[in-house]
Amino acid sequence: MGKRIIYSFLTFLLVTIIIFIFFQFIPGDPVLSKIGLEPDPALEAILRAEFGLDRPLPERYLRWLGNLARLDMGTSIRFNQPVNKLIAARLPNTVALAVLSFILVAAAGIPLGILAAKLNDTKAGTLFNAITQIGIAIPAFFFAMILIIIVSIKLKLVPVTAYVPMSKGFFPFLRGMLLPAIAVSFSGISITVRYVRNSIIEELESNYVLAAKNKGVKSGDILYKHVLRNAMIPIVTILGMIFVSIVTGSIVIETVFSIPGIGSLLIAAIKTSDLPLTQGICVYISIVVIFAYLLLDIIYMLIDPRIRLKE
Amino acid sequence: MKTNSFQSTLVFLLLVSALSGFLTACGAKNGQEATTKASKIVVGIPQDFDSLDPHIAQASGTEEIMFNVFTGLTMPSTAGELVPALAEKWEISADSTAYTFYLRKGVKFHNGSNLSAADVKYSYDRLCGKIPGEEKALKSTFANVVKEVEVLNDSTVKIVLKSRNAKFLSDTYIGIIPKDSGPSQASNPVGTGPYKFVDYTAGVGMNLAKFADYYEKGLPKLDQVEIKIFADLNAGVLALSNREIQFMQIVYDTIAQIPKGDFVIEQYPMNTVQLMGINNNFKPFQDKRIRQALNYAIDKQQIIAMLAPGAPEVDSNFSPVMAYWYEDLKDYYSRDVEKAKKLLAEAGYPNLSFTIKVPGEYPIHVNAAQIIEQQYKDAGITVKIQVVDWNTWLTEVYAGRNHEATIIGLTGKLDPDNILKRFSSGYSRNFINFNNPRYDQLIKDGEVESNAAKRVEIYKEAQRILTEEAASVFIMDPINYVAVDARMEGFKYYPIYFIDLRYLNYKN
């Protein structure tokens, strides 16, 4: 475990260096971006000094790293606010969206996958396959637009800008997150359905199922007590990957639904060459990804105690 | 198996209906709350605020909203003139270097304090970097021009300039803030405007509330304003067509998506000049004949018809909206492909080829580039289009002048100096590298000329030079399209970026 943490930390350090260097090569200047078409030399000079942009590159990186050790990620050039504050204000939205999407993926994907396995070789099963195929193929932002047009504009169930900050009540907040979560999770659900279905069908053909059947065990017991547990290992792996793709997938969806999350902040930060903010967000995303994989390992252990022995 | 699939279908249907039930239950409660309240307006804007501090904010998108929170000594009228605001009147000294402003009596700031001459001095000293603790100048337009600010009495303030400056007055619309409030303005803006600041969430928007003590009685009409940021225009248009917003600037392409009966589309020229800026330092473009050929080969009316029907055509870097200063050069170059070919052949470039760098964030410029590409084919000119992002454009094209040609809109200002000095050779963002000694002289003269009629002549000549020298290809003053809820009245438009919320109200 200790080794893993060290590797994670090194990966993280490498990520920050790459972003830092990468930013030097992409065109665009944060100060010019900020002052736009009406330049003012006085303001320009103030901003350059204020954000330390007049210092050499290595010095800026080391200073940033030093501040990070004190959990200070600097000030956003675009927004004139501490990076920590900006991220803290938006992180709950992104986390809520990701968690809700993930719950949808698991809550809908696994039962529907079992259903699909049961329906295998029927007409309904073919229809199921077709739907999940569309689900995987359709881009999330496009699906989001269709959802908005149907649910908000035609049926008028929720407003287009349904987002409400959590401070104004948990249920209004949840309501605002539901449609975006459906949009984010649609492809995840489809992938999960297919995996669960295939995994179960495969298990159902194995010898121990045949043995159980011959012993006269009820088919429901076989499925839920034996097959599902064994089928879960590959499913958990895929769910872990889906979680990471949900976190990154929400970047686009947040903008479509005007949700102030990390994703829309990241887009704004990159568009304006706001290095401190971009770095800060990447630090957070790295932490989330590292944490997600750690969680995945723990879940493996819970499902299959044998995995613990390998450590 | 039959019953099994029936059960499964049942489960699936239950799941779906439960989900839609949840949505409906919530929807019924909060549905379209915003639109039913008659004293609130929701305004959609395309980008976030760059700063809430009126002396630091630079983006016109910020300014157009914050005009409702901050008021300056003067303010623009709908005709683009400067009218009294916090200053009731002003006097200009004989040598035009000192301005005495007489402040309106009984004006209050949002924090309850009374406006006095000390607040004006504080605001201007702060802009010039003369406040202890805030020693850095915030705006060069003031730091380079203002010598000192004297408080004559509680309601009279005299601003002395370093030298004569004819455009100084047009900058005095900058917001006045209470003495010593500078450091807190970015988080808690306090001004004297019709609306006071309530809260701001980065990336989401801002709430404003009616300021009961606003100096113009009876204004503003509405109690609450919510500003919502839509980084994605499509999301904004969807929200608009669902009547969640009452006011939003849109683009021509999206008009068809707005429900006709629910919204009125207000249209007016922006006082902006869309031009194909051609780099006068680029080898072929150093030859005036080539620059003229580019002007003869273009069909502006076709561009206008396709991108902004009804937009005024322009032939210099000036919009006819500013009629007082405007020099009519209409049809100086009307389309003449043969003449263009002849000029190109004479200059030795019968097969001219160049690249237009255009910012992808602005569909109107990208589309214009594509139309021009087609039109120029007739004259044997080959155009390559390179789409770059806005930030790259600002750095490479605007500041770096690294381009052959580009298409951009330059926004109009209250004073012609701010519009025309863009092409004086010493200006840091003279991105077309225009270099004309007579032009430079005119800009210098115009800055200090105090005789209004002479000043008009100076700027008209400057406009003529830009056209005669074919400094660039000036296309049109694009149309601003604003969707306003059909239930509302009191919309006013200004030739500068200003969303005046004071008169907006629901019809009875």
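Which residue of strand 16 of chain B does B:K357 stand opposite? The residue is B:T406. Keep in mind while you look around that this is a predicted model.

**The five-stranded sheet of chain B**

That pair belongs to strands 14 and 16. Strand 14 covers residues 353–359 of chain B, strand 16 covers residues 405–411, and the two pair in the parallel sense over two bridges. Both sit in an open sheet of five strands, whose order is 15-14-16-13-17, with mixed pairing. At the edges you'll find strand 15 (382–388) and strand 17 (473–476) of chain B; each has a single partner strand, so one side of each is left without a neighbour in the sheet. From one strand to the next, the twist averages 30°.

Now look for helix 11 of chain B, which takes in residues 363–377. Helix 11 lies across strands 13, 14, 15, 16 and 17 of chain B, and runs at about 165° to strand 14 of chain B.

Is B:Q375 buried or exposed? With a relative accessibility of 3%, B:Q375 falls below the 20% cut-off and counts as buried. A polar atom of the B:Q375 side chain lies 2.9 Å from the backbone nitrogen of B:D299. Leaving aside neighbours within four places in sequence, B:Q375 has contacts that include B:A297, B:I298, B:Q302 and B:R335.

**The nonpolar cores**

Sequence neighbours within four places aside, B:Y376 is in contact with B:M276, B:L294, B:A297, B:I298, B:F354, B:I381, B:V383 and B:V473. In soluble globular proteins, nonpolar side chains tend to be buried together.

The largest nonpolar core has 120 residues, and the members that touch the most others are B:M276, B:L294, B:F354, B:Y376 and B:I381. Which element gives this core its largest share? That is helix 10 of chain A (residues 219–256), with 16 residues. From chain B, the core draws at least three residues from each of domain 1 (2–66 + 193–269 + 480–506) and domain 3 (272–477). There's also a second, separate core of 55 residues, with A:I19, A:W64, A:I251 and B:V225 among its members.

**Chain A**

Chain A is a helix story: there are 13 helices and zero strands. Its C-alpha trace spans about 85 × 55 × 35 Å along the principal axes. Of its 311 residues, 51% are buried. Among chain A contacts with a separation of 6 or more, 74% are between residues 24 or more positions apart.

**The four-stranded sheet of chain B**

Back in chain B, another open sheet has four strands in the order 4-5-7-6, with antiparallel pairing. Its edge strands are strand 4 (87–92) and strand 6 (146–153), each pairing on one side only. On average, neighbouring strands here are turned by 20° against each other, direction ignored. Here's how the strands pair up:

| Strand pair (chain B) | Sense | Bridges |
|---|---|---|
| Strand 4 and strand 5 | antiparallel | five bridges |
| Strand 5 and strand 7 | antiparallel | five bridges |
| Strand 6 and strand 7 | antiparallel | six bridges |

You can trace these pairings residue by residue. B:A87 has B:L103 of strand 5 as its bridge partner, B:F101 stands opposite B:V157 in strand 7, and B:E150 stands opposite B:K158, also in strand 7. Strand 6 passes to strand 7 through a hairpin of two residues.

Why is strand 7 of chain B largely enclosed by the rest of the structure? Five of its six residues are buried, so the rest of the structure largely encloses strand 7. Helix 4 of chain B (residues 117–128) lies across strands 5, 6 and 7, running at about 170° to strand 6.

**A buried loop residue**

One last stop is B:N430, found in the loop between helix 13 (416–420) and helix 14 (437–448) of chain B. At 1% relative accessibility, B:N430 counts as buried. Apart from neighbours within four places in sequence, B:N430 is in contact with B:R401, B:R422, B:F423, B:S424 and B:S425. B:N279 is 151 residues away from B:N430 along the chain, and their C-alpha atoms are separated by 9.6 Å.

How values were computed: Residues numbered from 1 in each chain as written. Chains lettered and ligands numbered in written order. Predicted model: local features only at pLDDT ≥ 70, side-chain atom pairs only at ≥ 80, totals over all residues. Heavy atoms only, no water. Core = buried A, V, L, I, M, F, W, Y, C linked by side-chain atoms within 4.5 Å. Buried < 20%, exposed > 50% of the residue type's maximum accessible area, 1.4 Å probe, protein only. Domains from an automatic or database assignment. Contact = heavy atoms within 4.5 Å. Polar contact = N/O pair within 3.5 Å; in protein donor to acceptor, adjacent residues only side chain to side chain. Pairing = 2+ DSSP bridges. Axes fitted to C-alpha atoms, helices over the stretch in contact; angles between N-to-C directions.
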